[in-house]
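Subject: Handover of a structure for your review

Dear colleague,

Please find below the structure that I am handing over to you. My findings follow directly after it, and I would ask you to read them with the structure open.

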Amino acid sequence: MDTGITGYKRLKNPEEKKLQIKKRKLIDIPNHINALLVDGVTAARRLEHHMLESIGIRTEPAYNAQEAIQLLLTGVKFDFIFVDFDLSIINGPELVRQMRAMGVQSKVVGMLTNFNDHNVQMFHEARANASIQKPLTRESFEIITGILRYI
């Protein structure tokens with residue numbers, strides 16, 4: 001008797017037919033949302049990535065501005081781009097300026113650990129659509145993406 005559960009629902013009675021478990025893939029979701037996530041801190045990026053994926057947003061992580069620019073140059077389109085303020089090489093607002101100069105039309109959200117008027121203003125002047133305070137929660141992602149979808 002097969003007692004393994006990989007790929008199949010465990011059987012209560014041997015007479016039952018095996019039921020294959022179908023994992024839901026984000027690709028199967030109609031009108032899916034794509035996001036680019038730029039954060040230089042690996043642990044934070046992984047956590048943010050999982051939070052976005054958990055609310056149905058397919059996410060492409062980038063470690064720094066250079067990686068994000070290279071990805072955008074391939075022609076991939078994103079609905080949202082989340083950019084951390086504290087990046088290596090150049091800061092978040094400078095990355096947003098470069099993306100806007102390239103013609104990127106995605107909704108851009110600046111993520112700030114040090115959420116103060118000066119830093120928010122820097123993202124605003126770079127033409128980010130919104131700024132949000134870190135640490136982020138699933139609820140904060142849901143709120144900001146919900147608002148920006150309709151702007």
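I begin with strand β4, residues 107-112. Six of its six residues are buried, so the strand is largely enclosed by the rest of the structure. Please bear in mind throughout that this is a predicted model.

In a regular strand, side chains alternate between the two faces of the sheet. In β4, Lys107, Val109 and Met111 point one way, while Val108, Gly110 and Leu112 point the other way, and all of them are buried.

Neighbours of β4

Strand β3 (residues 80-84) pairs with β4 in the parallel sense, over five bridges. Within this pairing, the partner of valine 83 is glycine 110 in β4. The two strands also belong to a right-handed β-α-β unit, in which helix α3 (residues 92-101) is the helical member.

Strand β5 (residues 130-133) likewise runs parallel to β4, and four bridges join the two. Valine 109 has alanine 130 of β5 as its bridge partner, and glycine 110 has serine 131 of β5. With helix α4 (residues 117-125), β4 and β5 make a right-handed β-α-β unit.

How do the faces of β5 divide into covered and uncovered? Ala130 and Ile132 form the covered face, whereas Ser131 and Gln133 form the uncovered one.

The chain as a whole

The protein chain contains five helices and five strands. Read along the sequence, they follow the pattern β-α-β-α-β-α-β-α-β-α. Of the 151 residues in the chain, 40% count as buried.

Lysine 134 is placed in the loop between β5 and α5 (138-149). Its relative accessibility is 11%, and because residues under 20% count as buried, lysine 134 falls in that class.

Which side chains make polar contacts with the side chain of lysine 134? One is that of aspartate 39, at 2.7 Å. Another is that of glutamate 48, at 3.4 Å. A further contact, also listed at 3.4 Å, links the side chains of aspartate 84 and lysine 134. Aspartate 84 is found in strand β3 and, with a relative accessibility of 2%, counts as buried.

The peptide bond from lysine 134 to proline 135 is cis, with omega near 5°. Proline 135 is found in the loop between β5 and α5.

Other loop positions

Isoleucine 55 lies in the loop between α1 (42-54) and β2 (57-62). At 19% relative accessibility, isoleucine 55 counts as buried, the cut-off being under 20%. The C-alpha atoms of isoleucine 55 and arginine 138 are separated by 7.6 Å, although these residues are 83 residues apart along the chain.

Two residues other than glycine have positive phi values. Isoleucine 89 has phi near 70° and is found in the loop between β3 and α3. Its relative accessibility is 70%, and isoleucine 89 counts as exposed. Arginine 127 has phi near 75° and is found in the loop between α4 and β5. Arginine 127 is also exposed, with a relative accessible area of 51%; the cut-off for this class is over 50%.

The largest pocket

What is the volume of the largest pocket? The computed value is about 160 Å³. The pocket is lined by Leu72, Gly75, Val76, Lys77, Phe78, Met102, Gly103, Val104, Gln105 and Ser106. These lining residues divide into five nonpolar, four polar and one charged.

In summary, β4 is a strand whose six residues are all buried, and it pairs in parallel with β3 and with β5.

Yours sincerely

Conventions. Residues are numbered from 1 along each chain as its sequence is written. This is a predicted model: local features need pLDDT of at least 70, side-chain atom pairs count only at pLDDT 80 or more; totals for chains, interfaces and linings use all residues. Side-chain values use heavy atoms; hydrogens and water are left out. Buried means under 20% relative accessible area, exposed over 50%, partly exposed in between (1.4 Å probe, protein chains only). Two strands pair if DSSP finds at least two bridges between them. A crossover is right-handed if, with the strands pointing away from the viewer, the path from the first strand over the helix to the second runs clockwise. On a 1 Å grid over the protein atoms alone, a cavity is a set of points where a 1.4 Å probe fits but cannot get out, and a pocket is an open set with protein on both sides within 12 Å along at least five of seven lines; lining residues have an atom within 4 Å of a point. Grid points are joined across faces, edges and corners, and a volume is the space filled by probe spheres set on the points. Ala, Val, Leu, Ile, Met, Phe, Trp, Tyr, Cys and Pro count as nonpolar, Asp, Glu, Lys and Arg as charged, and the others, Gly among them, as polar. A polar contact is a pair of N or O atoms within 3.5 Å; within protein, one must be able to donate a hydrogen and the other to accept it, and residues adjacent in sequence count only if both atoms are side-chain atoms.
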